[in-house]
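Me: Please take a close look at the surroundings of the ligand in this model. I am new to the structure and would like one connected account.

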Amino acid sequence: MSKVPTTVITGFLGAGKTTLIRHLLQNAKGRRLALVINEFGDIGVDGELVKGCNDEACPEDDIVELANGCICCTVADDFLPTMQKLLDREHKPDHIIIETSGLALPKPLVKAFQWPDIRTRATVDGVVALIDADAVAAGRFATDEAALAAARAADPMLDHESPLEELFEEQLGCADMVVLNKTDLVDADALARVETLVLAETRPGVKIVRADHGAVDIAALLGITAAAEDDLDSRPSHIDGLAEDHDHDDFDSFVVTGGDVADLDALLGRLANLIAAHDVLRVKGMVAVGGKPSRLVVQAVGPRIQHFYDRAWQAQEARRTQLVVIGQKGLDRATLEAGLADVLGTVPA
Ligand SMILES: Nc1nc2c(ncn2[C@@H]2O[C@H](COP(=O)(O)OP(=O)(O)OP(=O)(O)O)[C@@H](O)[C@H]2O)c(=O)[nH]1
């Protein structure tokens, strides 16, 4: 019996995983893809965005959302039953794509493919790590050696392994392919620097491709045939030798809720100021804009905010504004909530 190939898409918050997956679905070339989407933060924004595409390659039934924060910590409870259900289907998908949350460690997930009932029916075709070239160039995850030496000289107590750096290393160390995304936001010198930082963390021979908005050829991305579950020892991890699960105490998230927003510019301006003042890593969600029949998707990755109308609000759904806010531990939730309260509109009864 042939095994269903599965691709694990990893990469930090906002690196462009959902964007890349949407590109894949739109260019599936007749393959039937199933999608497992995991998110950190209590509302399923990614699933909503992917379902909004209505792609033939991936009907809604083939999109499974695991909203429990971190797929790598809930492997037995959530992930394995989901895989079993997909593999039990009469018409199995040609390929399964797993989008991990931006804070997930890929290795425990790959390890789950060693479970007897999965191992005989599915294989990890490849682990693809997305890198936000713009954020890495700005020094958010990995500092180059010179910068690190300077920082150490200034503060000898400096802990090299910041939570962001650790995730960067973890995700790259498990990768079979790296996609350097957001090439449109950086110049050639910055890109070359980012590539050097990435190469320092990847295993020998791992291919690096550059992409703008996740536009990678499906033929390059799927069909790597890595069988990663058979090759775990070559993939270093900070949690090797420790208990299998890890927690996400290094990060905080919460959801702000409102109703119809009367002044969109005021909301976006306030968000920009708060993100800058509080070092918020990620904001995403839907906004109900007063008088508009369509919902507005709002996305912020660090200081960059994007927004667009994706589809009309449907009759059966409540018009509501909901944004998930994610940052490192110690995020000042009370101040952020208070700062947004008067621009979010009143939650409908
Ligand atoms: N300029 C630019 N923006 C991009 C690119 N790829 C993605 N984005 C934007 O970056 C934001 C985050 O993209 P997503 O695809 O949602 O990122 P993600 O990795 O799925 O995010 P999480 O699931 O929250 O971890 C969105 O506003 C995208 O439009 C790119 O290549 N260039």
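Reply: Helix α1 gives the largest share of the shell around the ligand, with 3 residues. This is a predicted model. Helix α1 covers residues 17–26, and strands β10 (280–289) and β11 (294–301) also supply at least two shell residues each.

The shell has 22 residues, and those that come nearest to the ligand are G16, T18, T19, G102 and Q299. By class, the shell residues divide into 11 polar, 7 charged and 4 nonpolar.

The domain assignment places the shell within the chain as a whole. The chain is assigned a domain 1, residues 4–234, and a domain 2, residues 251–341. The two domains also touch: 14 residues of domain 1 and 16 residues of domain 2 take part in the contact. On the side of domain 1 that touches domain 2 there are 8 nonpolar residues, 3 polar residues and 3 charged residues. As for the ligand, domain 1 and domain 2 both give residues to the shell around it, so the shell lies between them.

One further part of the chain can be followed strand by strand. Strand β6, residues 177–181, and strand β7, residues 207–210, run parallel and are joined by 4 bridges. Within this pair, V179 has V209 in β7 as its bridge partner. Between β6 and β7 the chain passes through helix α9, residues 188–199, in a right-handed β-α-β crossover.

How values were computed. Residues numbered from 1 in each chain as written. Predicted model: local features only at pLDDT ≥ 70, side-chain atom pairs only at ≥ 80, totals over all residues. Domains from an automatic or database assignment. Contact = placed C-beta atoms within 7 Å. Nonpolar A, V, L, I, M, F, W, Y, C, P; charged D, E, K, R; others polar. Near = placed C-beta within 6 Å. Pairing = 2+ DSSP bridges. Right-handed = clockwise from strand over helix to strand, strands pointing away.
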